[in-house]
Amino acid sequence: MIRKFALLGTGALVGAAAMVSIQGGPWAPANAAGSETYRQLAIFGDIFERVRGQYVTPPDEKKLVESAINGMLTSLDPHSSYLNADDAKDMRVQTKGEFGGLGIEVTMENELVKVITPIDDTPAMRAGVLAGDLIAEIDGEEVRGLSLADAVDRMRGEVNTPIELTILREGADKPLKIKIVRDVIKVKAVKDRIEEDVGYLKITSFTEKTFGDLQDAITRIKKELPDDKLKGYVLDLRLNPGGLLDQAVAVSDAFLDKGEIVRTKGREERNIDLYTARAGDLTNGKPVIVLINGGSASASEIVAGALQDHRRATVLGTRSFGKGSVQTIIPLQENGALRLTTALYYTPSGKSIQGAGINPDIEVAQPLPDELKGRDLTRGESELRGHIKGDEENEEGSGSIAYVPPEAKDDLQLQAALKLLRGETTNPAFPPSPDKAVVLQQAD
C-alpha cells in the first residue's frame, strides 16, 4: 500500500498525478487527447536527447530530469513539487519534529552562523555553546560561502557521531574549538509561559509533536496558575507556516467541545472529508485570544478559522497568509516523494481561506522598528505567481506584514490581547458568543 499523508504549509513544493476515468459514451475524443499527449511526450524525449548529446558542456542527466519534472509541477501551483531523496528526508525530519544534531537555534550574520540560543539539555548546551557565538568552521571547513541551510545540514547527522565547531566569542582572545557528540534533538512545537495571570501558548509549527506539546503546556500553566487566578489564554499563531493537517485538527479540538473543524474538498464532488471535534475542552472554557499576522499560514489558519467561526476565541492581529490548499505526500522510487495539491479546505462556516486569508475580529497592526522600515515584510498567498484563485479571493488579496518584536513589551498585538483578557480594555468582539457561531453544521 502506498503510504501518504496530508501536509499544510507555505513552502514552495511540487507534484503531479493523472487519473483516468473510463465511462460510457464516445471513445474518439479520449483517444485523440491521448494521442496528442504522447506526441508531446515524444517531443520532450527528442529535446532531452539533443540536450544531453549536443549541449556545449556535458549536462548532469539526473538534474535535467529533475528540472523537467519540477518545471511541470511548478506550473500547477506554488505548493506542488517533486522532492528528491534529500528533500524528502528533510521534509520527514521537519514533520517528525526530531533529528540527530546539536541543539542550537541559529541564523546567518556576516557570512557566519550565529547562535541565537542553545536549547536546554542538549549536546550544544552541555558543551558550553552560548547565545551570540559565531560559528566560523565546521569540522575544519570554513562556513563562509555556505548558505544557512548548507551549514545546518553539516551540523546535523547520525546520533553519537562527533563534530568540531570553531567558535568566535566576544571577549575571547582566540577562536574556541568545541567538540560535540550529536544526539537526538526534540524540537518543541509549542512554547509556553505565564504572563502574570494569563497563559501564553505559542505554536511554532504543526509537527507530529504539536498536540502533545500543547497538552503538556496547558497542564503546566494550570499547575502554576490556580483556576480562580487564570484569566485566559493567548494562542499565538503568528509566523507559523503550517504543517500537518491532523495536528491542526487536534489543536482546534483542544479548545472545542463539538462541531465541525474543517472540511477538505478534492477534485471530484465526492472527495469531501469532514473533521469534527470531540467532547472535552482542555482549557475548561477559559477565554482565548488567537494572534495572527501575515506569517500565519495553512494549518494555523485552520485553527484560527475554526475557533473564530465557533466563536470560541477572538482573533486579533492582521490578515493571515491565505493558503487554503492541502498537499498530499506520496512516496516515490529511490526515496523521493511527490508533494501534490489534492484539495482545498474550508472553515466551519464554509469559507475558503485560499487567496483571502483569515480576517481578525480585532485588527491591531504591529509597527516596524526603524531598521526594518522600507523593507517589504508583507506575506500573502494571493501574491504568489500561479497560485490557485480562491472562492473568496478579491482585489484586496490576502496577507499582511509578518513581523513580531523579540521583546514582549514592544509587542502591541500581545499587549492588546493581555489587556482584553484582564478587563483593562473592552471590545465588542471579546468575549465572543458561542451561541452566535457561524457554522454549516454542528456535530455532537
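Guide: Just after α8, R311 adopts a positive phi of about 55°. Helices are DSSP runs of H or I with at least four residues and strands are runs of E with at least two, both numbered from the N terminus. The model is predicted: local features need pLDDT of at least 70, side-chain atom pairs count only at pLDDT 80 or more, and totals for chains, interfaces and linings use all residues. Residues are numbered from 1 along each chain as its sequence is written, and side-chain values use heavy atoms, with hydrogens and water left out.

Visitor: How does R311 count by relative accessibility?

Guide: R311 is in the loop between α8 and β19 (314-317). Buried means under 20% relative accessible area, exposed over 50% and partly exposed in between, with a 1.4 Å probe and protein chains only. R311 has 26% relative accessibility, so it counts as partly exposed.

Visitor: Is N335 buried or exposed?

Guide: N335 also has a positive phi, near 65°, in a residue other than glycine. Most residues other than glycine have a negative phi. N335 belongs to the loop between β20 (325-331) and β21. Its relative accessible area is 56%, so N335 is exposed.

Visitor: What is omega for the cis peptide bond that joins F430 and P431?

Guide: Most peptide bonds are trans. P431 is in the segment after α9 (412-422). The bond from F430 to P431 is cis, and its omega is about -5°.

Visitor: How many residues of α8 are buried?

Guide: The buried residues include A299, E301, G305 and D309. Because the rest of the structure largely encloses α8, the count of its buried residues is eleven of the eleven.

Visitor: How are α6 and α7 oriented, roughly parallel or roughly antiparallel?

Guide: Axes are lines fitted to C-alpha atoms, for helices over the stretch in contact, and angles run from 0 to 180 degrees between N-to-C directions. The axes of α6 and α7 come within 9 Å and cross at roughly 25°. Angles under 35 degrees count as roughly parallel, over 145 as roughly antiparallel, 65 to 115 as roughly perpendicular and the rest as oblique. The two helices, α6 and α7, are therefore roughly parallel.

Visitor: Which residues of α7 make the contact with α6?

Guide: Seven of the nine residues of α7 are buried, including L245, A248 and V249. On the α6 side the contact is made by T210, F211 and L214, and on the α7 side by Q247, A250 and V251.

Visitor: What separates the C-alpha atoms of A189 and S205?

Guide: A189 is in the loop between β11 (183-186) and β12 (190-195), and is buried with a relative accessible area of 1%. Not counting residues up to four places away in sequence, A189 touches K202, I203, T204, S205, T207, T210 and D213. A189 and S205 are 16 residues apart along the chain, and their C-alpha atoms are separated by 5.7 Å.

Visitor: What is the angle between the planes of F44 and F48?

Guide: Rings of Phe, Tyr and Trp (its six-membered ring) pair if their centres lie within 6.5 Å; planes under 30 degrees apart count as stacked, over 60 as edge-to-face and the rest as tilted. The structure holds one aromatic pair. F44 and F48 form this stacked pair, at 6.5 Å centre to centre, with the planes at 25°.

Definitions and conventions
Contact = heavy atoms within 4.5 Å.
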